[in-house]
Amino acid sequence: MSGETDLKTLLQSLHPVARDGDYVYALWPHGRPLEGGIEAAVREAEGLTVVLRRDEADALGLSYDFVASWITLQVHSALEAVGLTAAVSAALTHAGISCNVLAGFHHDHLLVPSADAGRAMDVLRLLGKGLVLRSERPEDRAEILELTAQAFSVSPVTGEPVDGVPIEAGLLRELFECPEYLPEFSIVAEMGGEIVGHAISTRGWIGDLELLGLGPIGVLPAFQKRGVGSALMRETTARATAAGEPGIALLGSPLYYMRFGYVPAASVGVQPPEAMWGDHFQLLTLPAWPDDVRGTFRYAGPFSGL
């Protein structure tokens, strides 16, 4: 059976599957007969590189540095297909995940750092939907502001159309320019070259403890309820965890955000800036969260003008 060459079809049919166990690259000792469960090999002028399971490498006494998870793209891609490797590599690069690609006759195989395997699978599933997550660039801002205005053209509080520019769009414009703006936490969701969603987190505090305040987060109406907002939430959490942030605070529906691990902030000793917010003010504690945190959360400056 001939392989698929159409890039759109390839991306929609990726079906990534992660193998069990860890894999490593090792340099095979010169002159030693091949043995063990070698999965792939590359002959170079400097020697023979082999890829095999980590436990096999340990049993054979081979040294290695890079420990990876092996992900197979189940789509049958033709060896002459153009663009698949670039699209996959770009999506993983935007997520900050390194990737080594092995092309087989039937499938492409990715070796990514074991610690990033779960995130890599999420990125690949989104790529199959045509969705790429990346950091915001200054030239994106006009499009992001228009997206936010459309996303909040109907009030999430009253359910009624908003007259004029929604306050979320005005807030976002100020957040882009404030001292508490953190470029690595301004994330866009892009589909087919169009920005369809955006989430921003800015610096916040509980006393002297620095953490993140998430919001606004917006998705174009035509793309709502299609997983874009969820993808932005997970990406924000992943970036915050990797950066050593202790937690993320937000104001929103407890029923919606509890699926991402958020709890009423008061339940962990953190009070909202406005007492009337009650359980709608929520917090996600991350691995760097210190013990015995108590106090009132303080958002970036532009929030005080709402």
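How many of the seven residues of strand β4 (residues 47-53) are buried? Six of them are, so to speak, under cover, and β4 counts as mostly covered. That's a handy way into this structure, which is a predicted model.

## Around strand β4

Let's stay with β4 for a moment and look at its neighbours. Strand β2 (residues 23-28) is joined to β4 by six bridges, and the two run antiparallel. If you want a spot to look at, find A26: its bridge partner in β4 is V50.

Strand β3 (residues 38-44) pairs with β4 too, again over six bridges and in the antiparallel sense. Here R43 stands opposite L48 of β4. With two residues between them, β3 and β4 form a hairpin.

## Helix α3 and its two sides

Next up is helix α3 (residues 84-94). Its buried residues are L84, A87, V88, A91 and L92. Looking down the axis of α3, you'd find these buried residues within an arc of 125°, so they line one face of the helix. On the face turned away from that buried side sit the exposed residues A86 and T93. After α3 comes G96, which has a positive phi, near 75°.

## Helix α4

Does the length of helix α4 (residues 117-128) agree or disagree with what you'd expect? At 1.5 Å a residue, its twelve residues should span 16 Å, and the end C-alpha atoms are 17 Å apart, which agrees.

The buried residues of α4 are A117, A120, M121, V123, L124, L126, L127 and G128. This helix is followed by G130, another glycine to check, with a positive phi near 85°.

## The empty spaces

Now for the gaps. Rolling a probe the size of a water molecule over the atoms shows where empty space is left. Here's a quick overview of what turns up.

| Space | Volume | Lining by class |
|---|---|---|
| Largest pocket | about 1600 Å³ | 26 nonpolar, eleven polar, five charged |
| Second largest pocket | about 190 Å³ | five nonpolar, one polar, six charged |
| Largest cavity | about 50 Å³ | seven nonpolar, no polar, no charged |

Start with the largest pocket. It is lined by 42 residues, and those nearest its centre are F152, P156, E168, L251 and Y257. Several elements each supply at least two residues of this lining: α6 (167-177), β11 (209-219), α7 (228-242), β12 (247-251), α8 (254-257) and β16 (295-298). Which one gives the largest share of the lining of the largest pocket? That's β11, with six residues.

The second largest pocket takes us back to α4. Its lining is made of R119, D122, V123, R125, L126, K129, L133, G227, A231, R234, E235 and A238. Both α4 and α7 supply at least two residues each to the lining of this second pocket. The largest share, five residues, comes from α4.

There is also one cavity of 30 Å³ or more in the structure. The residues lining the largest cavity are A91, A95, V123, L126, L131, V132 and L133.

## Strand β11 and its partners

Let's finish with β11, the strand that gives six residues to the lining of the largest pocket. Nine of its eleven residues are buried, so β11 is largely enclosed by the rest of the structure.

On one hand, β11 is joined to strand β10 (residues 194-206) by nine bridges, and the pair runs antiparallel. W205 stands opposite E210 of β11. The two strands form a hairpin with two residues between them, and G207 in the turn has a positive phi of about 60°.

On the other hand, β11 is joined to β12 by two bridges, and this time the strands run parallel. There, L212 stands opposite I248 of β12. Like β11, β12 supplies at least two residues of the lining of the largest pocket.

Note on methods. Residues are numbered from 1 along each chain as its sequence is written. This is a predicted model: local features need pLDDT of at least 70, side-chain atom pairs count only at pLDDT 80 or more; totals for chains, interfaces and linings use all residues. Side-chain values use heavy atoms; hydrogens and water are left out. Helices (H or I, at least four residues) and strands (E, at least two) are DSSP runs, numbered from the N terminus. The expected span of a helix is 1.5 Å times one less than its number of residues. Buried means under 20% relative accessible area, exposed over 50%, partly exposed in between (1.4 Å probe, protein chains only). On a 1 Å grid over the protein atoms alone, a cavity is a set of points where a 1.4 Å probe fits but cannot get out, and a pocket is an open set with protein on both sides within 12 Å along at least five of seven lines; lining residues have an atom within 4 Å of a point. Grid points are joined across faces, edges and corners, and a volume is the space filled by probe spheres set on the points. Ala, Val, Leu, Ile, Met, Phe, Trp, Tyr, Cys and Pro count as nonpolar, Asp, Glu, Lys and Arg as charged, and the others, Gly among them, as polar. Two strands pair if DSSP finds at least two bridges between them. The arc is that of the directions from the helix axis to the C-beta atoms.
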